[in-house]
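Here is a short briefing to read alongside the structure. Keep the viewer open and follow each topic in turn.

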Amino acid sequence: MEFDVLPVLHMQSVPLSNPPCFSTLKTSTSSHSYSIQCTDSLSTFSQTVAGTTSFFSCSSTPGVIFKMARGNETLFYQQVSEFPRLQSLVPKYYGTITLPTSSNPSTEYLVLEDLTHGLIKPCIMDVKLGIVHHDILTTAPSDSYICTSKYKTATELGFCVSGMKVYVSDRYEAKTTEYGRKLTSETVHEALAFFFANRKNVITESITRLQSIKKYFEEKPPFQMRSSSLLFVYDAEDEKRRVDVKIIDHAHAQLYSAVLPAGTPQPYDEYGYIKGLTNILSILEGLTKN
């Protein structure tokens with residue numbers, strides 16, 4: 001399913017405990033209107049490797065996923081349309097819907113691009129960027145937001161591997177967050193090599209995308225970001241089908257204009273994103289030589 005607009009979707013609430021059918025979802029913008037049909041029940045989206053956020057998909061609505069909205073993420077996606085360059089580096093956003101859950105009768109979900117859509121044997125890896133992963137608004141961050149206390153590579157390298165799923169030897173192998181927490185600055189090279197599995201085209205394409213992301217952060221980006229991740233995606237069936245790297249998880253993103261007092265210089269690489277990207281690129285460039 002392809003969209004060329006950024007609509008805001010609204011839907012009547014349906015209980016997740018029953019087979020929910022969207023029926024026809026009518027949307028419109030100032031210049032476009034169309035309908036999306038979901039005649040099957042929502043099911044848990046299986047192509048995830050890290051985090052605790054709920055994701056759902058609908059088999060009759062391919063190409064999109066439904067992610068529980070948290071923090072500033074809805075506002076981020078609404079604002080990002082004003083920044084086309086950043087918009088090209090994150091998943092496509094199609095609006096929001098409201099669904100009831102066991103704990104909240106009106107829970108907001110983001111409708112986002114499914115980056116694995118169309119892949120036969122999708123391989124995915126979540127790499128969290130930066131050296132500090134607590135909420136921007138928290139002065140005394142809880143342990144649940146501190147990556148530096150759980151991942152050995154975060155402070156030294158500026159990134160940590162949160163999880164991966166890769167197709168090797170005719171089966172999937174998954175690496176969890178516990179695996180990522182045990183990695184060191186030496187063994188993380190082996191983890192990345194395991195994910196890319198000597199697929200040189202995938203590595204080369206990923207390097208190209210990472211260079212674009214790194215350049216964006218080097219040129220004073222409009223958003224202050226913490227605890228976002230890079231999602232690496234490729235197809236083990238055909239590594240030339242599509243290779244992608246997108247910035248995901250924007251619950252803690254805020255415009256610098258809303259954070260810094262007027263006239264305050266914007267800090268350079270405030271939370272180590274450039275450091276992390278530089279080190280990931282160095283490792284991948286080493287893989288191409290080996």
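This is a predicted model: local features need pLDDT of at least 70, side-chain atom pairs count only at pLDDT 80 or more; totals for chains, interfaces and linings use all residues.

Helices (H or I, at least four residues) and strands (E, at least two) are DSSP runs, numbered from the N terminus.

**The chain as a whole**

- The chain holds 8 helices and 14 strands.
- Its length is 290 residues, and 48% of them count as buried.
- The accessible surface is about 13700 Å², and carbon and sulfur atoms account for 49% of that area.
- Taking contacts between residues at least 6 apart in sequence, 67% join residues at least 24 apart.

**Helix α6 against helix α8**

- Two packed helices are described by the angle between their axes and the distance between the axes.
- For helix α6 (residues 200-218) and α8, the angle is about 160° and the axes are 10 Å apart.
- Angles over 145 degrees count as roughly antiparallel, so α6 is roughly antiparallel to α8.
- The two helices, α6 and α8, cross in a left-handed sense.
- On the α6 side, the contact includes Ile203, Ile207, Leu210, Ile213 and Phe217, along with Lys200, Lys214 and Glu218.
- On the α8 side, residues in this contact include Tyr273, Ile274, Leu277, Ile280, Leu281 and Glu285.
- Sorted by class, the contact of α6 with α8 has 12 nonpolar, 4 polar and 4 charged residues.

**Helix α5 against helix α8**

- Helix α5 (residues 188-196) also packs with α8 (residues 273-289): their axes come within 10 Å and cross at roughly 60°.
- That angle makes α5 oblique to α8.
- The crossing of α5 with α8 is right-handed.
- From α5, the residues in contact are Val188, His189, Leu192, Ala193 and Phe196, and they meet Ile283, Leu284 and Leu287 of α8.
- This contact of α5 with α8 is made up of 7 nonpolar residues, 1 polar residue and no charged ones.
- Leu284 and Leu287 of α8 touch α5, and Leu284 and Leu287 are also part of the contact with α6.

- Most residues other than glycine have a negative phi.
- Is aspartate 249 buried, exposed or partly exposed? Its relative accessibility is 23%, so aspartate 249 counts as partly exposed.
- Aspartate 269 also has a positive phi, about 50°, although it is not a glycine.
- You will find aspartate 269 in the loop between α7 (256-259) and α8.
- Aspartate 269 counts as partly exposed because its relative accessibility is 23%.

- Serine 54 sits in the loop between β3 (43-44) and β4 (55-57).
- With a relative accessibility of 26%, serine 54 counts as partly exposed.
- Which residues does serine 54 touch, not counting those up to four places away in sequence? They are Phe66, Lys67, Met68 and Tyr109.
- The C-alpha atoms of serine 54 and alanine 69 are separated by 9.0 Å, and these two residues are 15 residues apart along the chain.

Conventions: Residues are numbered from 1 along each chain as its sequence is written. Side-chain values use heavy atoms; hydrogens and water are left out. Axes are lines fitted to C-alpha atoms, for helices over the stretch in contact, and angles run from 0 to 180 degrees between N-to-C directions. Angles under 35 degrees count as roughly parallel, over 145 as roughly antiparallel, 65 to 115 as roughly perpendicular and the rest as oblique. A crossing is left-handed if the near helix is turned anticlockwise from the far one by less than a right angle, and right-handed if clockwise. Contact means heavy atoms within 4.5 Å. Ala, Val, Leu, Ile, Met, Phe, Trp, Tyr, Cys and Pro count as nonpolar, Asp, Glu, Lys and Arg as charged, and the others, Gly among them, as polar. Buried means under 20% relative accessible area, exposed over 50%, partly exposed in between (1.4 Å probe, protein chains only). Accessible areas come from the Shrake-Rupley method with a 1.4 Å probe; for residues, only the protein chains shown count as cover.
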